[in-house]
Amino acid sequence: MPSQPRPFSGPHVYPPCIARAEAYGNSGCTCAESVALAFGPALGMAPETARKTASGFAGGIGLSGATCGAVTAAILMIGLHSGPETLEDVQSRQQTLRMAGEFMKRFRTRHGSTICRELCTAGDPRTEEGSLAIRASGMPRALIRSASEILTELLQEAERQTKKP
């Protein structure tokens with residue numbers, strides 16, 4: 001049996017999350033923390049849990065330059081929204097995987113990549129100077145906004161499909 005939308009979800013809930021994610025990014029949160037802190041509570045996750053869960057994804061997962069933190073946090077939020085409630089809930093698992101794949105496709109279409117080191121070329125996130133240069137470039141703000149917009153679109157689409165007769 002597919003899982004139901006989470007108690008705090010709904011199409012009206014997500015658009016304000018975009019501005020919240022940007023505000024978190026402007027306040028010094030990482031890309032991953034910004035997306036998780038903005039969307040997690042709307043999906044029933046405590047803010048502290050959202051921040052802690054996303055904290056290791058900065059700089060492309062542990063500053064390795066791999067998958068963008070905004071991307072990984074958005075995928076976590078897709079799982080929180082649509083992931084299976086039980087091991088037997090194959091339908092929800094498949095929906096979650098489809099949504100995650102679609103997120104990746106849309107993000108890649110917008111930015112040409114989902115890889116942090118390819119997106120944030122202004123500096124090396126492993127150094128303080130590089131991290132400051134990346135922030136100054138404005139790219140983290142753009143990635144946070146983009147990931148939040150795509151995530152909002154996908155969550156709204158999923159909820160509209162759930163309501164179809």
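**Figure 1. Overall fold of the predicted protein model.** Of the 165 residues of the protein, 43% count as buried, where buried denotes under 20% relative accessible area, exposed over 50%, and partly exposed in between, with a 1.4 Å probe and protein chains only. This is a predicted model, in which local features need pLDDT of at least 70 and side-chain atom pairs count only at pLDDT 80 or more, while totals for chains, interfaces and linings use all residues. Residues are numbered from 1 along each chain as its sequence is written, and side-chain values use heavy atoms, with hydrogens and water left out. The secondary structure comprises eight helices and zero strands; helices (H or I, at least four residues) and strands (E, at least two) are DSSP runs numbered from the N terminus. The radius of gyration is 15 Å, close to the 15 Å that the globule rule gives for 165 residues, so the protein is as compact as a globular protein of that length. This radius is taken over C-alpha atoms, and the rule is 2.2 Å times the number of residues to the power 0.38. Along the principal axes, the C-alpha atoms fill a box of roughly 55 × 25 × 25 Å.

Figure 2. The mean pLDDT (the predictor's confidence in each residue, from 0 to 100) is 91, and 90% of the residues reach 70 or more. Over residues 1-9, pLDDT stays under 50, and the model has 28 contacts for this segment beyond four places in sequence. A contact requires heavy atoms within 4.5 Å. Among contacts between residues at least 6 apart in sequence, 67% join residues at least 24 apart.

**Figure 3. Helix α2 and its cover.** Helix α2, spanning residues 31-39, is mostly covered, with nine of its nine residues buried. Among them are Cys31, Glu33, Leu37 and Phe39. The cover over the buried residues of α2 includes α1 (15-26), α3 (47-54), α4 (69-82) and α8 (139-162).

**Figure 4. Surroundings of cysteine 68.** Cysteine 68 lies in the loop between α3 and α4. This residue counts as buried because its relative accessibility is 2%. Apart from its neighbours within four places in sequence, cysteine 68 is in contact with Gly60, Phe107, Thr114, Ile115, Cys116, Leu119 and Leu143. Histidine 81 is 13 residues away from cysteine 68 along the chain, and the C-alpha atoms of the two are separated by 20 Å.
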